[in-house]
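Here is a briefing on one protein model, written for a reader who is new to structures. Please keep the sequence and the 3D view open while reading.

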Amino acid sequence: MAGCIGCSPALPKNAASFVHAAESLRTLGRTQLIDKVEQLRAEFGDEDILIGEACLALGDAYERAGMMREAEQSFLEALWVFRHELGNEAERVASVLFRLGGLSDRFGMYGEALQALEEALRILLKRH
């Protein structure tokens, strides 16, 4: 991941402290991430940016482990949180869509892959 996502103007000001905690989630193992996601849900509810970051990190861990269906489910959950909390045009939404596009490509679902990747590109082109 390039750069500090806490510096993104798409994140609300109160989210910056969550971002650094979320980035530290990437160092946890898959089992630890699952436990952390549940702990965060208990503390913050399902609609917090940190939940989205934790789901994104969990999806990355699943993907590295070759557990593609689980990765897809985690990415979809992260996408829902980011869309709900940050809006449909947020860079974090584009980041998840790129991951989902890659997974769809691996599954041979080329139409879905193209759709996700085109949406991600459209978001990023609008922002820059």
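Predicted model: local features only at pLDDT ≥ 70, side-chain atom pairs only at ≥ 80, totals over all residues.

Residues are numbered from 1 along each chain as its sequence is written, and side-chain values use heavy atoms, with hydrogens and water left out.

**Overall fold**

- The protein has six helices and zero strands; helices (H or I, at least four residues) and strands (E, at least two) are DSSP runs, numbered from the N terminus.
- Along the sequence the pattern reads α-α-α-α-α-α.
- Of the 128 residues, 40% count as buried. Buried means under 20% relative accessible area, exposed means over 50%, and partly exposed lies in between (1.4 Å probe, protein chains only).
- Contact means heavy atoms within 4.5 Å. Among the contacts with a separation of 6 or more, 60% come from residues 24 or more positions apart.

**The nonpolar core**

- A nonpolar core is a set of buried Ala, Val, Leu, Ile, Met, Phe, Trp, Tyr and Cys residues joined through side-chain atoms within 4.5 Å.
- The largest such core has 26 residues, and Phe75, Phe82, Val93, Val96 and Leu97 have the most contacts inside it.
- Helix 3 (49-64), helix 4 (68-86), helix 5 and helix 6 each supply at least two residues of this core. Helix 4 gives the most, with eight residues.
- In soluble globular proteins, nonpolar side chains tend to be buried together.
- Valine 93 touches Leu79, Phe82, Arg83, Gly87, Asn88 and Ile123, when residues up to four places away in sequence are not counted.

**Helix 4**

- The expected span of a helix is 1.5 Å times one less than its number of residues.
- Glycine 87 follows helix 4 and has a positive phi, near 100°.

**Helix 5**

- The 16 residues of helix 5 should span 22 Å at 1.5 Å a residue, and the end C-alpha atoms are 23 Å apart, which agrees.
- The buried residues of helix 5 are Arg92, Val93, Ala94, Ser95, Val96, Leu97, Leu100, Gly101, Leu103 and Ser104.
- Helix 3, helix 4 and helix 6 are among what covers them.
- Glycine 108 follows helix 5, with a positive phi near 80°.

**Helix 6**

- Helix 6 (residues 110-127) has 18 residues and reaches 26 Å from its first C-alpha to its last, close to the 26 Å expected.
- Its buried residues are Ala113, Ala116, Ala120 and Ile123. Seen down the axis of helix 6, they fall within an arc of 100°, so they line one face of the helix; the arc is that of the directions from the helix axis to the C-beta atoms.
- On the other side of helix 6, Tyr110, Gln115, Leu125 and Lys126 are exposed.
- The cover over the buried residues of helix 6 includes helix 5 (91-106).

**Single residues**

- Serine 104 lies in helix 5 and is buried, with a relative accessible area of 7%. Apart from neighbours within four places in sequence, serine 104 is in contact with Met109, Glu112 and Ala113.
- Alanine 113 lies in helix 6 and is buried, at 4% relative accessible area. Residues up to four places away aside, alanine 113 touches Gly101, Ser104 and Asp105.
- The C-alpha atoms of alanine 113 and arginine 99, 14 residues apart along the chain, are separated by 9.4 Å.
- Isoleucine 51, in helix 3, is buried, with a relative accessible area of 0%.
- Arginine 69 lies over the face of phenylalanine 107, at 3.9 Å from the ring centre. A charge sits over a ring if NZ of Lys or CZ of Arg is within 6 Å of the ring centre and within 35 degrees of the ring normal.
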